Structure formats: C-alpha cells, structure tokens
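The sequence and the model are shown first.

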Amino acid sequence: ERVHDADVAIRQTDSDAALARLSAVRKGYLNDRFISSLLPRAHLQPLRPPLINIGTYVRSEAIDRLVEQWLELSTAEGQLCQIVSLGAGSDTRFWRLMDGPRKEQIGAYFELDFPDVTLKKAMAIRNPKSGLSTILGHSELDLGGQALHSSRYHLLPCDLRNPPADIFPGLFKEYLSPALPTLLLFECVLVYMSPEASSNLIQWFVDFFSPSTRTPSPGTLGCTVYEMFGLEDAFGQVMMNNLRARNVSLPGAKPYSSLESLPTRFLRHGFTSAKALTLRNIKSDYIEPSELERISSLEMLDEVEELNLVLEHYAITWGVKTSVSAATMSPWI
Ligand code: SAM
C-alpha cells in the first residue's frame, strides 16, 4: 500500500491535538485521566502556550456539552444511543463517558481513523498499565491489530476519503444499527478532506439512517463538526501557512469562508436543523463567568488579541436530522 507524505503530515496532526489536550490537563484547564495513557512518555511532553490551552479548553468543553445534551435528549425514553467519531485519533471521549453518569446510554461507540493511528491506539488500549482496558472490559483485536472490538467500543481502520459505500458496510454491518439515535463527531478532520469526500461521507450516513423497508423508523442522526474556517483573511492566511509549512494540506478549508456558510454542510443533506458558533462566541456567551474566572487564574496570558483572532477562526457546527422536535435537539438555539 502506498504511503502518501501528505497523509503522514495529516496523521501527525493527531499528536498535536493529543499534546494540546495533555497540556490543558496538566495546567488544570481540563480533567482527563486517560489522555496520558495515549501519549508515550506523557510526563516528558512539553506544555503548550496559554493560548493553545485556552482554545483546547473551550473546544473540549463545548463538544462535551453538546454530546451530553444530545445524549440527554435522545435517550429520554431509555433508548440506547450510538456515537461514531470520525478521525478520532487519540480522543479519550469514550473512556470519559464510560467513567461518567451516561455510561449506560451508550449502546455502541465507534472510532475510525487511518490504520497507523488505530494500530497505535489499539496497542495503547491493550497495554495493561494504561487502565484503558479496565474500563473497556474484554476486547479482541482484528485486522492484524488495526481493529479492536469490545461489547460497546469498536476501533476501525479506514481512509475516510475512499468511497464510503465500499468500506463502510463491511466495517459497520455487524455493529451499527440504523434504528438507534446516532451522533457523528468530526473533530478537526473534515478540513483535511476535499468537500466532495466530506459530502459523500455525510451522505452515506444520511442514507444509512433514512427510512427503508429494512428500517421503517430509523434513528435520529446528529452531527457535530469542529474546524477552522474563514481562512481567506490575513490571520487565516497565517494559520494556513503555518500548516502548509508542515506539509499539511487543507482541501476542505476553502468552501466555508463565513460562519453563516457552515450549517449548509448539513442542510443540503436534508438535516432538519443546523447551527454554528465560533469558539469566541462560545467562550463569551456559553461558558459560565465562574469558569472563565477559574481558567484566567491558571496562567498569565499576554496575547489577548491573538487569542480572540484564533478563537474567531474555529467553529463548532451541529445539525440534527429527525422527523420530530428538531428544535429541542439543538441545545444552544
Ligand atoms: N478528533 C481527534 C481530536 O479532536 O483530538 C483527532 C484530530 S486530528 C487533528 C485529525 C485526525 O483525523 C487524525 O487522527 C487523522 O489521522 C485523522 N484523519 C484525517 N484524514 C483522515 C482520513 N482520510 N481517513 C481517516 N482518518 C483521517
């Protein structure tokens, strides 16, 4: 199999995300007792600057709350839910959820990434010292160690840009139910794919959860995307150039130049409601003042202007596709 240099650079973005999370945890912004198990020599890893720690905190808090509210609303009648994390990298959300009060509501949790990434994650999970397998319970490796299955959690290798019709039925057929409410998470991943590839991927899920003879009452589909946008302005160009200098290409960045354009990603696939907020909006309007005070006391931040510019260039977009009470599914509308 041919390894593309550009893909190596894309896979490395996961180390950046994991390092940023570890740094935010060590500095007291976030709680996550699992992240250090997914990074080699975690205690020797460098801390990141305050600006990155704050960005990581706001992003993580916001997505945690969306997931939390989605679970609360869609399992109101005691129904199980599914979560599919695409380009999951070293995300620890599954373990954090299993450690919390909503554990019983997760019927199945899927993580998809490139084979190299899933192989490393599977090894970390199986490492008895990590504590990750204690929470997981019994698990089995598959596909030469690139896939891992347990009763609820499934780690699967794939290239999300390949026509999903070819790979997904095989990967998912035994585990993903078209009848359960399902939340898709795209945390910092669609920007690395062409708009066509992203669109095919989202449409595959839309079709899977559409009424058919097999499943006349499909589950509600929720979708959350976290990504950079508005990269045409001067600051956006600086961000793009930084990534390009590291050989990371961003074919998915172009079409979404404004905040208003972000929800169209879902609306044109028939989602019933969609909304986007920048991290700056979220920080100022949705994080409680007491929390803002707490995080501002953790370390000195000199670059307030720059922080705001960064937070303005990242957004969380979420959408819901359901036949009933769509509005109640979007907690921040
Ligand atoms: N979602 C995680 C988080 O937020 O911490 C990881 C984000 S990391 C910036 C992007 C991840 O997407 C990497 O793990 C990368 O390997 C994965 N990824 C990017 N393009 C992909 C593709 N075409 N197929 C599978 N995984 C991909």
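## A pair of strands

The bridge partner of His149 is His154, a residue of strand E5. This model is a predicted one. Strand E4, residues 147–150, and strand E5, residues 153–157, are joined by two bridges and run antiparallel. In general, the strands of a sheet pair through backbone hydrogen bonds, in either a parallel or an antiparallel manner.

## The sheet as a whole

Strands E4 and E5 belong to an open sheet of nine strands, whose order is E3-E4-E5-E2-E1-E6-E7-E9-E8. The pairing within this sheet is mixed. At its edges lie strand E3 (139–142) and strand E8 (273–278), each of which pairs on one side only. On average, neighbouring strands of the sheet are turned by 15° against each other, when direction is ignored.

Which strands does helix H10 touch? Helix H10, formed by residues 279–286, packs on the sheet and touches E8 together with strand E7 (221–228) and strand E9 (314–321). The direction of helix H10 makes about 85° with that of strand E8.

## Aromatic rings

Two aromatic rings are described as a pair by the distance of their centres and the angle of their planes. The structure holds ten aromatic pairs. One of them is formed by Phe208 and Phe209, with 5.1 Å from centre to centre and 70° between the planes. This pair is edge-to-face, because an angle over 60 degrees places it in that class. Phe208 and Phe209 are both buried.

Elsewhere, ring pairs link four residues into a cluster: Phe94, Trp95, Tyr109 and Tyr153. A further ring, that of Phe114, has Arg11 over its face, at 5.6 Å from the ring centre.

## Cysteines

A disulfide is a covalent bond between the sulfur atoms of two cysteines. How many disulfides does a search of the whole structure find? The search finds zero. For Cys188, the nearest cysteine sulfur is that of Cys223, 15 Å away, and Cys188 is in no disulfide. Cys223 is likewise in no disulfide, its nearest cysteine sulfur being that of Cys188. The distance of 15 Å does not qualify, because the two sulfur atoms of a disulfide must lie within 2.5 Å.

Is each of these cysteines buried or exposed? Cys188 counts as partly exposed, because its relative accessibility is 22%. Cys223 has a relative accessible area of 1% and is therefore buried.

Key. Residues are numbered from 1 along each chain as its sequence is written. This is a predicted model: local features need pLDDT of at least 70, side-chain atom pairs count only at pLDDT 80 or more; totals for chains, interfaces and linings use all residues. Side-chain values use heavy atoms; hydrogens and water are left out. Rings of Phe, Tyr and Trp (its six-membered ring) pair if their centres lie within 6.5 Å; planes under 30 degrees apart count as stacked, over 60 as edge-to-face and the rest as tilted. Buried means under 20% relative accessible area, exposed over 50%, partly exposed in between (1.4 Å probe, protein chains only). A charge sits over a ring if NZ of Lys or CZ of Arg is within 6 Å of the ring centre and within 35 degrees of the ring normal. Two strands pair if DSSP finds at least two bridges between them. Helices (H or I, at least four residues) and strands (E, at least two) are DSSP runs, numbered from the N terminus. Axes are lines fitted to C-alpha atoms, for helices over the stretch in contact, and angles run from 0 to 180 degrees between N-to-C directions. Contact means heavy atoms within 4.5 Å.
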